[in-house]
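The following exercises concern pairings between side chains. Please study the sequence and the structure before reading the solutions.

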Amino acid sequence: MQRAGIDLKCDHCAHDLFFQGEAQLHSQVATLFGLEGWEPNATYYACERCGRLHWFRSPESA
């Protein structure tokens, strides 16, 4: 699996197989005012071996 053209490897156990998911990032202020839909998204990769999460902001939210 690659991210930005670089092979992704777990920085804890050096494994190279991951589960991928998407999550929306929320701040307390956005939640307070009900504006969660405007918050940025991120992609996460969970190491298949040790479970360590590696987070990346989506390019459009950078």
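A salt bridge is a side-chain nitrogen of Lys or Arg within 4 Å of a carboxyl oxygen of Asp or Glu. The model is predicted, so local features need pLDDT of at least 70 and side-chain atom pairs count only at pLDDT 80 or more, while totals for chains, interfaces and linings use all residues. Residues are numbered from 1 along each chain as its sequence is written, and side-chain values use heavy atoms, with hydrogens and water left out.

**Exercise 1.** Find the salt bridge and describe the setting of its partners.

Step 1. Asp11 and Arg52 form it through their side chains, at 2.6 Å from N to O.

Step 2. Asp11 lies in the loop between β2 (6-7) and β3 (18-24), and Arg52 in the loop between β4 (41-47) and β5 (53-57). These strands are DSSP runs of E, at least two residues long, numbered from the N terminus. The pair thus links distant parts of the chain, 41 residues apart.

Step 3. Buried means under 20% relative accessible area, exposed over 50%, and partly exposed in between (1.4 Å probe, protein chains only). Asp11 is exposed at 54%, and Arg52 is partly exposed at 39%.

**Exercise 2.** Determine how many disulfides (pairs of cysteine sulfur atoms within 2.5 Å) the structure holds.

Step 1. The search of the whole structure returns 0 disulfides.

Step 2. Cys10 is in no disulfide, and its nearest cysteine sulfur, that of Cys50, is 3.7 Å away. Cys50 is likewise in no disulfide.

Step 3. Cys10 is buried, with a relative accessible area of 4%, whereas Cys50 is partly exposed at 35%.

Definitions and conventions: Helix = DSSP H or I, 4+ residues; strand = E, 2+ residues; numbered from the N terminus.
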